[in-house]
Amino acid sequence: MKRILCILFALCSVITLSLSVSAESTNKLTYAVEASASTVSANTEITVLVKVTENTGICWAKAVVSYDSSVLTYIDSSTEQSVFKASITANNPKDGEVVVTLGGISVLFAPNPPIHTNTGVFIALNFRVNDNPKPGDTVIKVSTVEFDAVKIVNSVPDYDYKITNASTKIKVNSGSHKCTPGTA
């Protein structure tokens with residue numbers, strides 16, 4: 001009897017361990033941020049690439065790109081370099097953040113929308129360094145919250161994603177550098 005109880009205990013432990021391992025998300029979405037320059041001055045423009053470096057499949061995703069609006073001003077965005085051949089928008093720009101979305105909200109109601117497994121450039125965001133910015137490092141960060149990525153398989157949404165956020169630092173020089181043509 002004691003031996004049977006030990007075997008049952010061991011079997012229950014293995015089943016519990018298996019369930020806890022299978023409950024961990026296998027869906028992953030990993031962001032990276034890359035700036036066109038590591039050092040900038042006042043009144044210069046900079047492009048920031050938001051990239052996806054790991055993607056197990058999404059049909060809809062949303063990320064918030066935040067920045068210090070006392071240093072940078074959002075100009076616009078471009079999907080020209082994007083590896084995602086779907087509707088990508090950078091909208092709702094407000095002081096210090098831009099919301100980037102892959103696909104419209106209607107995709108969440110479609111029975112089986114396309115699932116994108118691409119990696120590479122997600123979107124390019126263009127910024128201008130403000131007049132007289134505070135010198136030092138400024139950070140541009142991509143962040144997400146729960147349910148900011150989904151794939152739909154057989155009409156069932158799957159929100160169980162491990163999403164890795166990213167950021168980059170840019171050094172801001174004090175003052176601006178003005179060149180006059182023909183001078184060194």
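Start with T30, which touches K51, V52, T53, E54 and T164 when residues up to four places away in sequence are not counted. A contact here means heavy atoms within 4.5 Å. T30 belongs to strand β1, residues 27-35. Strands (E, at least two residues) and helices (H or I, at least four residues) are DSSP runs, numbered from the N terminus. With a relative accessible area of 12%, T30 is buried, because buried means under 20%, exposed means over 50%, and partly exposed is in between (1.4 Å probe, protein chains only).

Before going further, note that this is a predicted model: local features need pLDDT of at least 70 and side-chain atom pairs count only at pLDDT 80 or more, while totals for chains, interfaces and linings use all residues. Residues are numbered from 1 along each chain as its sequence is written, and side-chain values use heavy atoms, with hydrogens and water left out.

Now take the chain as a whole. The chain has 184 residues, of which 35% count as buried. Among contacts between residues at least 6 apart in sequence, 80% join residues at least 24 apart. The protein chain exposes about 10,800 Å², and carbon and sulfur atoms supply 55% of that area. Such areas come from the Shrake-Rupley method with a 1.4 Å probe; for residues, only the protein chains shown count as cover.

Which strands pair with β7? Two strands pair if DSSP finds at least two bridges between them. Strand β4, residues 60-66, runs antiparallel to β7 and is joined to it by 6 bridges; within this pairing, A63 stands opposite V100. Strand β6, residues 88-94, also pairs with β7 in the antiparallel sense, over 5 bridges, and here N91 has V99 as its bridge partner. β6 and β7 form a hairpin with 2 residues between them. In the turn of this hairpin, G96 has a positive phi of about 95 degrees. Strand β7 itself, residues 97-102, is mostly covered, with 5 of its 6 residues buried. In a regular strand the side chains alternate between the two faces of the sheet.

The loops come next. V83 is found in the loop between β5 (72-78) and β6. Its relative accessible area is 28%, so V83 is partly exposed. Leaving out residues up to four places away in sequence, V83 touches N118, T119, G120 and V121. V83 and V121 are 38 residues apart in sequence, yet their C-alpha atoms are 5.8 Å apart in space.

N132 is exposed because its relative accessible area is 68%. S155 counts as partly exposed, because its relative accessibility is 47%.
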